[in-house]
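Thanks for coming. Please have a look at it first.

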Amino acid sequence: MSLDLKDVSLKRNGKWLLHSVNWQVKEKENWVLYGLNGAGKTALLNMLCSYYFPTSGEMTVLGHVFGKEALGEKLRKKIGLISAGLEKKLHPDDRAFEIVLSGAFASIGLYESPTDDMREKAIDLLKAFGSIKYANRTYETLSQGEKQKVLIARALMNDPELLILDEPVTGLDFLAREQVLDMISMIASKPDAPTLLYTTHHAEDISPVFQHTLLLKEGTVFCKGETKQMMTSDTLTSFFNCPVEVMWRNERPHLIKL
Ligand SMILES: Nc1ncnc2c1ncn2[C@@H]1O[C@H](COP(=O)(O)OP(=O)(O)O)[C@@H](O)[C@H]1O
Ligand SMILES: [Mg+2]
């Protein structure tokens, strides 16, 4: 089991962000967290990475029981996280190659000397994702899509057991989005692939590698299960409280307001 959340609630600064979340994720199951802006997706992911501690309930992440041990770094070394929050912390004048390498130390910037193996691994990852051509460019000069690919490569440096992608394609143009989605499919297809968690508020960004979906609404699990059964016209009409139709194209759901 990768994740086991039983009745988990989270209160921050006097506000309840999550209410009684029950969620089990088995190893190698890839899940989407789908919900509107403000639903609590990022809050939930921050809790999984132990940036936030659950206010009540029981939570186990990658075998670590919250409340029994000091987690923090130990847990985060097993998790690759890509988020807007991380992006803001990066040094814009670091080169793409250094940013990928820094993933080996889970650090922002390179303060320790990387080994030859680490360098080789960073180069392999950049090559595998077609990013080697801009490996020596500074991060700030990359396009949004190139930046996102560099961040994903960085997250893979430590061979994480869990890869968390928080809105990795939001704000990307159509082609860049498709490239990042292809990259995610490639990662998921490897025999030693990590468990993937992916958040979005766009149905059409849900690729077929995500066979499970949790619908999150106002900090509450609206429902969860197989993506094909969650992303239906009926379920989403009651989820949004607004009549919608779901059309499937290329094994991806597309949403139309009726
Ligand atoms: N540390 C915090 N303290 C108080 N409120 C917060 C905090 N973090 C997030 N929120 C609020 O919690 C809600 C959920 O936020 P978030 O998890 O970022 O949503 P999502 O990622 O689904 O868009 C929002 O209303 C947000 O303003
Ligand atoms: Mg968010």
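Leaving aside residues up to four places away in sequence, Ile152 touches Ile82, Leu165, Val180, Met183 and Ile187. Contact here means heavy atoms within 4.5 Å. Ile152 belongs to the largest nonpolar core, which has 50 residues. Tyr34, Ile152, Leu163, Ile184, Ile187, Tyr198 and Leu236 are the members that touch the most others in that core. A nonpolar core is a set of buried Ala, Val, Leu, Ile, Met, Phe, Trp, Tyr and Cys residues joined through side-chain atoms within 4.5 Å. Buried means under 20% relative accessible area, exposed means over 50%, and partly exposed is in between, with a 1.4 Å probe and protein chains only. There is also a second, separate core of 31 residues, and Leu10, Leu18, Val25 and Leu75 are among them. In soluble globular proteins, nonpolar side chains tend to be buried together.

A word on where this comes from. This is a predicted model, in which local features need pLDDT of at least 70 and side-chain atom pairs count only at pLDDT 80 or more, while totals for chains, interfaces and linings use all residues. Residues are numbered from 1 along each chain as its sequence is written, chains are lettered from A and ligands numbered from 1 in the order in which they are written, and side-chain values use heavy atoms, with hydrogens and water left out.

Now the whole chain. It has 9 helices and 12 strands; these are DSSP runs, helices being H or I with at least four residues and strands E with at least two, numbered from the N terminus. Its radius of gyration is 18 Å, close to the 18 Å that the globule rule gives for 258 residues, so the chain is as compact as a globular protein of that length. That radius is taken over C-alpha atoms, and the rule is 2.2 Å times the number of residues to the power 0.38. Of the 258 residues, 50% are buried. Among contacts with a separation of 6 or more, 60% are between residues 24 or more positions apart.

Last, two backbone details. Most residues other than glycine have a negative phi. Ser50 is not a glycine, yet its phi is positive, about 60 degrees. Ser50 lies in the loop between helix H1 (41–48) and strand E4 (56–61). Glu218 also has a positive phi, near 50 degrees, and sits in the loop between strand E9 (212–217) and strand E10 (220–226).
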